[in-house]
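The sequence and the model are shown first.

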Amino acid sequence: MAYKYGLVLACALAAMVPAQADTIYLKNGVRFDGVATPVPDQEGIFKVSAGDRQLIYRDSEIDRIEKNQRTGHLDKQALVARWEERNKKLTEETGLTADQRRLVRGLVFELKSEDGSVFISVKDKLQALQSEFDVYGYLLTIYPELSPLLSPNVLRVMAYLDPARSVPLLQEGAEKNYFPVRVISIEMLGRLRHQDSVPILARGLVDFSYPVQISAAYALASMGVRQATPALISLLTSADLRVTNASRESLNVLWAEQLGDKKPISVTEWTEFYSAQTNPGAPIQLAELAPLSSEEDEIKQTIDSNH
């Protein structure tokens, strides 16, 4: 909402500035005309005069400033022409008309809701539309620009719309510096039972985010990856009780046939049980896994995205 407000404000200001203005390009994509001057005694701070408004920007927020003779006059005809050109290009690129794109975007906006029933409703509607036109292809186009509030649920919807085409995006998402996307990516790769993604899912077990660890444990169990047993046994001593419980449940799923009613509880019991089994494939050990993302990188990206 802040970004939209800033864009509207910038457009409004563009019509109000005097001649010989600068053109200020912000890193968030907003561009407008004004006069930018450094603030005395405040390094890296600029004051932008636009009409009767005074705005303050940090140097880190500004991409560049161009000196020119623009007046800032709002040319409505030029705007309409640019919109028509942009609309034509999008129609050619996506195969969707403006009305179809507007319909999909409206449904996507609803995915910010945390209500599970809303997600199911939107998913069903988008799946129905997929039979009429390539909704997935359009979502793939707009996905990079989506806010963190939307991207996890949109990614999940895309995996339902076209599982095969979603695999590369999910694999990429599993290493994103935003843990909700990693959680969803791992969950959906597990649902798709994509065996080539097992190394990625295993790395989720050593993620700094506990929800990612939990998602990875359940995904590996749902895919029957018994090689993950040693790593899951190690997680029984996790400092987070949710991870401990998820690891125990996953072990019980992996070995349900062999366990029967007698289920090991402790690390020692599980280790003794596992050593007595015949296990094809190299065992997955926590110490040999590299995290999908670092907490430092995630914090840095969060800070950068807020500037």
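In this predicted model, helices H3 and H4 cross with a left-handed sense. H3 covers residues 98-110 and H4 covers residues 116-130; their axes come within 9 Å and cross at roughly 160°. Angles over 145 degrees count as roughly antiparallel, and H3 and H4 are therefore roughly antiparallel to each other. On the H3 side the contact is formed by Leu-103, Val-104, Leu-107 and Glu-110, and on the H4 side by Val-118, Val-122, Lys-125, Leu-126 and Leu-129. Sorted by class, this contact holds seven nonpolar residues, two charged residues and no polar ones.

H4 also packs on helix H6, residues 151-161, at an angle of about 45° and with the axes 10 Å apart. That angle makes H4 oblique to H6. The crossing of H4 and H6 is right-handed. H4 contributes Phe-119, Lys-123, Leu-126, Gln-127 and Gln-130 to the contact, while H6 contributes Asn-153, Arg-156, Val-157, Tyr-160 and Leu-161. The class count for H4 with H6 is five nonpolar, three polar and two charged residues.

| Helix pair | Axis distance | Crossing angle |
|---|---|---|
| H3 and H4 | within 9 Å | roughly 160° |
| H4 and H6 | 10 Å | about 45° |

The largest nonpolar core has 66 residues, and the members that touch the most others are Val-104, Leu-126, Leu-139 and Leu-205. Helix H10, residues 210-222, supplies the largest share of this core, with seven residues. Which residues does Leu-139 touch, leaving aside those up to four places away in sequence? They are Val-104, Val-108, Val-157, Met-158 and Leu-161.

Helix H7 spans residues 163-173, and its buried residues are Ser-166, Val-167, Leu-169, Leu-170 and Gly-173. These buried residues of H7 pack against helix H5 (135-142), H6 and H8.

Two loop residues can be described individually. Arg-193 lies in the loop that runs between helix H8 (179-191) and helix H9 (198-203). Its phi is near 55°, a positive value in a residue other than glycine. Most residues other than glycine have a negative phi. Is Arg-193 buried or partly exposed? With a relative accessible area of 44%, Arg-193 is partly exposed, because that category lies between the 20% and 50% limits.

Gln-285 sits in the loop between helix H14 (267-275) and helix H15 (295-305). Gln-285 has 31% relative accessibility and so counts as partly exposed. The C-alpha atoms of Gln-285 and Ser-234 are separated by 8.4 Å, although the two residues are 51 apart along the chain.

For the chain as a whole, there are 15 helices and five strands. Of the 307 residues in the protein chain, 41% are buried. Among contacts between residues at least 6 apart in sequence, 60% join residues at least 24 apart.

How values were computed:
Residues numbered from 1 in each chain as written. Predicted model: local features only at pLDDT ≥ 70, side-chain atom pairs only at ≥ 80, totals over all residues. Heavy atoms only, no water. Core = buried A, V, L, I, M, F, W, Y, C linked by side-chain atoms within 4.5 Å. Buried < 20%, exposed > 50% of the residue type's maximum accessible area, 1.4 Å probe, protein only. Helix = DSSP H or I, 4+ residues; strand = E, 2+ residues; numbered from the N terminus. Contact = heavy atoms within 4.5 Å. Axes fitted to C-alpha atoms, helices over the stretch in contact; angles between N-to-C directions. Parallel < 35°, antiparallel > 145°, perpendicular 65-115°, else oblique. Left-handed = near helix turned anticlockwise from the far one by under 90°. Nonpolar A, V, L, I, M, F, W, Y, C, P; charged D, E, K, R; others polar.
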